[in-house]
Amino acid sequence: MKLDFSFIVPVYNRPNEIKELLESLVLQTYKTPYEIVIVEDGSTSSSEAVIATFEDKLAITYLKKANSGPGDSRNYGMRKARGNYFIVLDSDCILPPQYLVEAEKALQKEYVDCYGGPDAAHESFSLVQKAINYAMTSFLTTGGIRGGKKAVGKFQPRSFNMGISKKAFEATGGYGNIHPGEDPDLTIRIWNNGFKTKLISEAYVFHKRRIDWNKFYIQVNKFGMVRPILNKWHPETKKITYWFPTVFCMGFVFSLLFALIGFNFPIYFYLFYFCLLFVDSLLKNKNVAIALLSLAAVSIQFVGYGYGFLKSTLLLNFSSKKAEELFPKLFFKN
């Protein structure tokens with residue numbers, strides 16, 4: 001089929017980020033015209049002035065709406081877009097010049113109605129950003145679910161870098177109002193409607209992750225709370241591996257207690273695992289400081305996700321309330 005691409009980018013109080021993203025789009029080597037739909041999601045710090053400086057270089061459709069969250073804003077952008085294949089990006093992403101060429105090449109070779117691409121750390125990112133990127137993308141921590149070539153289970157595209165056909169969008173109704181978790185929820189509904197997904201590893205983005213340690217903990221804690229909700233909505237997707245961070249953290253506490261009474265074998269397992277992480281991060285990032293920071297990032301990731309997952313699981317199973325009542329901060333009201 002003839003692919004007519006529309007980028008869909010919700011933005012909320014991030015004019016500097018959208019500037020970097022648009023600068024990377026100007027450098028795309030793809031020659032066929034494409035559209036960029038930017039949805040200002042109730043921002044108090046507008047991106048309008050920044051966007052205006054690119055209107056003679058890029059085909060931009062700039063939309064404004066009241067704040068209703070990234071999922072609803074993406075849906076709004078897709079309803080307004082002129083293309084037949086939407087590429088959803090986060091505003092804190094930067095694209096390599098060959099992104100669109102690689103995406104089209106892969107879709108022409110093997111068409112699917114939804115794809116996802118990996119995220120990577122740009123050389124300009126801070127040491128903490130690179131360490132967090134390692135924690136979020138390493139096979140040793142997340143099983144490659146965010147775009148690793150070796151992944152545990154079926155690949156689920158993520159909305160920081162996700163392509164979806166107009167046909168699949170219309171069949172599913174797009175994103176729900178949960179956040180985070182709106183992208184795996186949509187992917188599962190895409191599968192349930194008979195559409196296929198795949199990873200296009202060459203269509204990667206540099207994902208800036210506007211984040212510090214505290215924000216990272218909050219983010220992964222929400223990821224942990226969302227997963228049991230998705231498991232309840234889509235019980236066919238439950239996996240024992242989702243318990244890994246919780247079990248890992250509880251095991252670490254018990255291994256310390258065992259060490260106090262002279263039984264050291266369990267703590268050796270954890271020492272080996274963290275040594276493995278250090279070496280893997282060092283080989284990938286070629287920087288000792290990033291490798292050390294990666295250990296902190298992984299620890300925060302496991303504690304935040306593990307606690308969130310356990311808390312959400314207990315509340316959902318021992319309360320008569322719905323998820324929206326138990327966790328109102330995870331849902332936007334459209």
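**Exercise 1. The nonpolar patch**

Task: Find which residues make the nonpolar surface patch of about 1200 Å² in this predicted model, and which helix gives the most to it.

Solution.
- Step 1. The patch is made by Met250, Val253, Phe254, Leu257, Phe258, Leu260, Ile261, Phe263, Phe265, Tyr268 and Leu271.
- Step 2. Two elements each give two or more residues to this patch: helix H10 (244-260) and helix H11 (265-285).
- Step 3. H10 gives the most, with 6 residues.
- Step 4. Take Phe254 as an example, a residue of helix H10. Its relative accessible area is 47%, so Phe254 counts as partly exposed, a class that lies between 20% and 50%.

**Exercise 2. Strand S8**

Task: Determine how many residues of strand S8 (residues 161-165) are buried, and which strands pair with S8.

Solution.
- Step 1. In S8, 5 of the 5 residues are buried, so the strand is largely enclosed by the rest of the structure.
- Step 2. Asn161, Gly163 and Ser165 point one way from the strand, while Met162 and Ile164 point the other way. Residues on both sides are buried.
- Step 3. Strand S4 (residues 85-89) is joined to S8 by 5 bridges, and the two run antiparallel.
- Step 4. Strand S6 (residues 114-116) also pairs with S8 in the antiparallel sense, over 3 bridges.
- Step 5. Gly163 of S8 is the bridge partner of Ile87 and also of Tyr115.

**Exercise 3. Salt bridges**

Task: For the salt bridges Lys65 with Asp41, Asp90 with Arg74, and Lys284 with Asp280, state where the partners lie in the chain.

Solution.
- Step 1. A search of the whole structure finds 12 salt bridges.
- Step 2. In the bridge between Lys65 and Asp41, the closest N and O atoms are 2.9 Å apart. Lys65 belongs to strand S3 (residues 60-65) and Asp41 to strand S2 (residues 35-41), so the pair ties together parts that are 24 residues apart in sequence.
- Step 3. Buried means under 20% relative accessible area. Lys65, at 16%, is therefore buried, and Asp41, at 4%, is buried as well.
- Step 4. For Asp90 and Arg74, the closest N and O atoms are 3.4 Å apart. Asp90 sits in the loop between S4 and strand S5 (93-94), and Arg74 sits in helix H3, 16 residues apart. Both Asp90 and Arg74 are buried.
- Step 5. Helix H3 (residues 70-80) has 8 of its 11 residues buried, Arg74 and Asp72 among them.
- Step 6. For Lys284 and Asp280, the closest N and O atoms are 2.6 Å apart. The two residues are 4 apart in helix H11, which means that about one helical turn separates them.
- Step 7. Salt bridges with shared partners join Asp41, Lys65 and Asp72 into one network.

**Exercise 4. Ser281**

Task: Decide whether Ser281 is buried or exposed, and list its contacts beyond four places in sequence.

Solution.
- Step 1. Ser281 lies in helix H11.
- Step 2. Its relative accessibility is 0%, so Ser281 is buried.
- Step 3. Leaving aside neighbours within four places in sequence, Ser281 contacts Tyr134, Lys286, Ile290, Ala291 and Ser294.

**Exercise 5. The whole protein**

Task: Compare the radius of gyration of the protein with that of a compact globule.

Solution.
- Step 1. The protein has 334 residues, and a compact globule of that length would have a radius of gyration near 20 Å.
- Step 2. The protein has 20 Å, so the two agree.
- Step 3. Of the 334 residues, 53% count as buried.
- Step 4. The chain forms 13 helices and 10 strands.

Methods: Residues are numbered from 1 along each chain as its sequence is written. This is a predicted model: local features need pLDDT of at least 70, side-chain atom pairs count only at pLDDT 80 or more; totals for chains, interfaces and linings use all residues. Side-chain values use heavy atoms; hydrogens and water are left out. Buried means under 20% relative accessible area, exposed over 50%, partly exposed in between (1.4 Å probe, protein chains only). Patches are made of residues with over 30% relative accessible area and no salt bridge: like charges are joined within 9 Å, nonpolar side chains (Val, Leu, Ile, Met, Phe, Trp, Tyr) within 5 Å. Accessible areas come from the Shrake-Rupley method with a 1.4 Å probe; for residues, only the protein chains shown count as cover. A salt bridge is a side-chain nitrogen of Lys or Arg within 4 Å of a carboxyl oxygen of Asp or Glu. Two strands pair if DSSP finds at least two bridges between them. Contact means heavy atoms within 4.5 Å. The radius of gyration is taken over C-alpha atoms; the globule rule is 2.2 Å times the number of residues to the power 0.38.
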